[in-house]
Amino acid sequence: MGGFVRTLTGDIDPSALGRTLIHEHLAVDWGEMLGRPKVLDWDRAAMADRMVAKMEALAAVGIGAMTECTPYGCGRYVDLFAEVARRSPVRIVGSTGFFHESWCPIHPIAAALDIDALTDLFVREITEGMGGTLARAGLIKVASGEGRISANEEKILRAAARARRATGCPIITHLTDSMSQEQLDLFASEGVGPDEVIVSHVGFAPDALAEAEGLLRRGANVSFDRIGYRVFHPDEHWLRLVSHAVAQGWGGQVMLSHDAAVFAHGLEIASGEHAWDDFTYISRVFLPRLRAETAVTETEIERMLIDNPRRVLAFA
């Protein structure tokens, strides 16, 4: 396998990842986006310890790596995340990018910059460091909102595609509802194919099976990533989607995650009143059920957790 994976502690060979969760967070804080203060009154050392403990628990159930998918302005405390990564037995991949504007105003930097300037910002965060630090991004995290891709969101998605082409950095997207095909169309118009994109939060359209099939048939990489987050769907929903995708021969495009966060604040529509912070649920609860209740084999589980993340997180 060629390429490398860019983690918060440096570049590694993809084979060093081990089992990988493709869409997680250490912290999410919407205060900056909503025009009210972020939460900064927690004890930094205690928060770092709390995050490291979560990563130690993750390593104890056999996970070797995870992505940290918090983009610019949403509680992306790069220096804290880098410290946690240095102390953690789990490899952590950080993200550049911006969020959508359905739930909160677009970040003022994203609103102010044109496509070329946004592309340059993403490239600098990938090649030099994020937010004035030397910790470099290994993912470009972008998003679309509810029912449409706004002009600002389109600008960000186009800049992400151009930064991908300039650096080889992988793209991971957030879906709010049903704009997955439109995202892929936009990326394709910029020369980035569906196989180069990780589409997150698949499984929330009115016909979740059809949504997943449409993406998988097109060649996109699909993340089923709110597993265990029961305010959304029970395990049976995810067992059905995952086993169907594997049965149809698309197991090489499927990955699993929780969309968990050690700390979350400020936007109840996204995070609820409390953060979902059990990063071990898939390993402890979901995978045993997947083995016992479906025809998904151990080989396919290893494919979803090891082979596919190695491929999609490697710089092309």
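How far is the sulfur of Cys169 from the closest cysteine sulfur, and in which residue does that sulfur lie? In this predicted model, the closest cysteine sulfur to that of Cys169 belongs to Cys69, at 11 Å. A disulfide is a covalent bond between the sulfur atoms of two cysteines. The cut-off applied to such a pair is 2.5 Å, and the sulfur of Cys169 is therefore too far from that of Cys69 for a bond. The structure as a whole holds 0 disulfides. Cys169 is buried, its relative accessible area being 0%. Cys74 is also buried, with a value of 1%.

Of the 316 residues of the protein, 61% count as buried. The largest nonpolar core comprises 88 residues, and Phe224, Leu256 and Phe286 have the most contacts inside it. Leaving aside residues up to four places away in sequence, Phe224 touches several residues, among them Val202, Ala212, Trp238, Leu241 and Leu256.

The overall fold was described next. The protein contains 12 helices and 12 strands. Its radius of gyration is 18 Å, close to the 20 Å given by the globule rule for 316 residues, so the protein is as compact as a globular protein of that length. The C-alpha atoms fill a box of roughly 50 × 45 × 40 Å along the principal axes. Among contacts with a separation of 6 or more, 80% join residues 24 or more positions apart. The accessible surface comes to about 11600 Å², and carbon and sulfur atoms account for 50% of that area.

Notes
Residues are numbered from 1 along each chain as its sequence is written. This is a predicted model: local features need pLDDT of at least 70, side-chain atom pairs count only at pLDDT 80 or more; totals for chains, interfaces and linings use all residues. Side-chain values use heavy atoms; hydrogens and water are left out. Buried means under 20% relative accessible area, exposed over 50%, partly exposed in between (1.4 Å probe, protein chains only). A nonpolar core is a set of buried Ala, Val, Leu, Ile, Met, Phe, Trp, Tyr and Cys residues joined through side-chain atoms within 4.5 Å. Contact means heavy atoms within 4.5 Å. Helices (H or I, at least four residues) and strands (E, at least two) are DSSP runs, numbered from the N terminus. The radius of gyration is taken over C-alpha atoms; the globule rule is 2.2 Å times the number of residues to the power 0.38. Accessible areas come from the Shrake-Rupley method with a 1.4 Å probe; for residues, only the protein chains shown count as cover.
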